[in-house]
Amino acid sequence: MVDLSVNLSGLELDNPIIPASGTFGYGYEYAELFDINILGSFSFKGTTRDERFGNPTPRIAECEAGMINSVGLQNPGVDAVIAHELPKLAKVFNKKVVANVGGFSVDEYVEVCSKLDSEEQVGIIEVNISCPNVHGGGMSFGTSAKDAQKVTEAVKKVTTKPVYIKLSPNVTDIVEIAKACEAGGADGISLINTLLGMRINLKTQKPVIANKMGGFSGNAIFPVALRMVYQVYEAVSVPIIGMGGVSSAEDVIEMMLAGATGVQVGAANLINPYVCQDIINDLPQVMKKYKIDSLKNIIGGAH
């Protein structure tokens with residue numbers, strides 16, 4: 001028997017597979033398709049203090065090896081999530097979830113994280129300082145080491161659960177920002193969020209997306225994500241959740257060899273809603289193929 005289990009800051013997961021925020025809703029939507037309790041955990045839809053409609057449409061642009069989205073953190077707001085979404089989720093998922101938090105100010109991050117910290121179902125708080133699809137917040141915190149540390153320190157003061165900071169790849173030095181988050185008290189790092197991209201409609205000769213640009217995700221960004229996970233692993237001592245273009249069991253093992261303890265699957269869920277189930281089913285065979293007995297033992301193995 002091979003061992004798929006991993007430990008994220010004291011949270012024991014049956015396997016490292018975690019659907020990424022924004023690609024798995026609040027979980028119960030996918031529970032209609034398969035038993036989502038096979039997952040290690042999942043990161044629910046990015047949640048802000050207030051209800052957000054999101055960006056104007058069109059919000060999606062297709063690419064050859066991925067997609068661009070500019071949804072803009074559409075969500076019902078943290079109070080509605082706690083009152084309605086989490087109770088619905090509890091009926092279909094009996095494990096701890098990753099609570100993904102968005103914000104437009106340090107105070108907003110603090111308020112939302114404080115509220116979610118008191119929820120029994122939340123195992124890890126994932127603070128998104130890297131969303132490229134919103135103005136006046138999101139990625140602006142993740143492109144400055146000083147601001148990233150400031151958010152981290154503020155959130156840690158009001159939380160008791162592990163805090164993972166989700167970083168943007170749209171920076172010159174990902175290592176500097178990861179180290180700043182660790183210095184601010186982060187329990188872990190999640191990376192990478194989407195790359196900034198765009199498409200132009202040749203018929204109209206205008207950008208496809210109403211917001212002009214959006215987050216580029218999918219298979220094409222996997223090598224970039226892998227490189228950044230590898231770099232950050234060498235620079236920090238906290239656990240890493242790796243993501244970006246992951247779509248197979250082989251990708252998961254590669255990401256873990258680079259330094260990830262947990263692995264999130266994002267855009268692939270939108271192409272094949274069963275992809276996480278498929279990856280979990282495939283992992284034992286792929287591990288045997290490469291003579292891997294335990295996933296814990298390969299974390300950072302490529303260094």
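Helices (H or I, at least four residues) and strands (E, at least two) are DSSP runs, numbered from the N terminus. This is a predicted model, where local features need pLDDT of at least 70, side-chain atom pairs count only at pLDDT 80 or more, and totals for chains, interfaces and linings use all residues. Residues are numbered from 1 along each chain as its sequence is written, and side-chain values use heavy atoms, with hydrogens and water left out.

1. **Phe44.** Phe44 is found in the loop between helix 1 and strand 4. Its relative accessible area is 0%, so Phe44 is buried. Buried means under 20% relative accessible area, exposed over 50%, and partly exposed in between, with a 1.4 Å probe and protein chains only. Leaving aside residues up to four places away in sequence, Phe44 touches Ser21, Gly25, Tyr26, Val81, Leu86, Val97, Val98, Ala99, Asn100 and Leu116. Contact here means heavy atoms within 4.5 Å. Gln74 is 30 residues from Phe44 along the chain, and their C-alpha atoms are separated by 12 Å.

2. **Ser43.** Ser43 is found in the loop between helix 1 (28-31) and strand 4 (60-63). Ser43 is buried, again with a relative accessible area of 0%. The side chains of Ser43 and Glu126 are joined by a polar contact of 2.7 Å. A polar contact is a pair of N or O atoms within 3.5 Å; within protein, one must be able to donate a hydrogen and the other to accept it, and residues adjacent in sequence count only if both atoms are side-chain atoms. Beyond residues up to four places away in sequence, Ser43 touches Ile18, Pro19, Ala20, Ser21, Val98, Asn100, Glu126 and Gln264.

3. **Helix 3.** Helix 3 covers residues 106-117, which is 12 residues. At 1.5 Å a residue these should span 16 Å, and the end C-alpha atoms are 16 Å apart, which agrees. The expected span is 1.5 Å times one less than the number of residues. Buried residues in helix 3 are Val106, Glu108, Tyr109, Val110, Val112, Cys113, Leu116 and Asp117. Leu116 is also among the residues that Phe44 touches.

4. **Helix 7 and helix 8.** The axes of helix 7 (residues 222-235) and helix 8 (residues 249-258) come within 8 Å and cross at roughly 30°. That makes helix 7 roughly parallel to helix 8. Axes are lines fitted to C-alpha atoms, for helices over the stretch in contact, and angles run from 0 to 180 degrees between N-to-C directions. Angles under 35 degrees count as roughly parallel, over 145 as roughly antiparallel, 65 to 115 as roughly perpendicular and the rest as oblique.

5. **Residues of that contact.** Helix 7 contributes Phe222, Ala225, Leu226, Val229, Tyr230 and Tyr233; these meet Asp251, Glu254, Met255 and Ala258 in helix 8. The contact divides into eight nonpolar, no polar and two charged residues. Ala, Val, Leu, Ile, Met, Phe, Trp, Tyr, Cys and Pro count as nonpolar, Asp, Glu, Lys and Arg as charged, and the others, Gly among them, as polar.

6. **Backbone points to check.** Most residues other than glycine have a negative phi, and most peptide bonds are trans. A cis peptide bond joins Thr57 and Pro58, with omega about 0°. Pro58 sits in the loop between helix 1 and strand 4. Another cis peptide bond joins Leu191 and Ile192, with omega about 10°. Ile192 is in the loop between strand 9 (188-191) and strand 10 (195-197).

7. **Positive phi.** Leu73 is not a glycine, yet has a positive phi of about 60°. Its place is the loop between strand 5 (66-69) and helix 2 (78-90). At 11% relative accessibility, Leu73 counts as buried. Lys291, also not a glycine, has a positive phi of about 55°. Lys291 lies in the segment after helix 10 (275-289). At 73% relative accessibility, Lys291 counts as exposed.

8. **Asn201.** Asn201 is found in strand 11 (residues 200-201). It counts as partly exposed, at 30% relative accessibility. The side chain of Asn201 reaches the backbone nitrogen of Thr204 at 3.2 Å. Not counting residues up to four places away in sequence, Asn201 touches Lys206 and Val208.

9. **Cys63.** Cys63 lies in strand 4. Cys63 and Thr159 are 96 residues apart in sequence and 39 Å apart in space, C-alpha to C-alpha.
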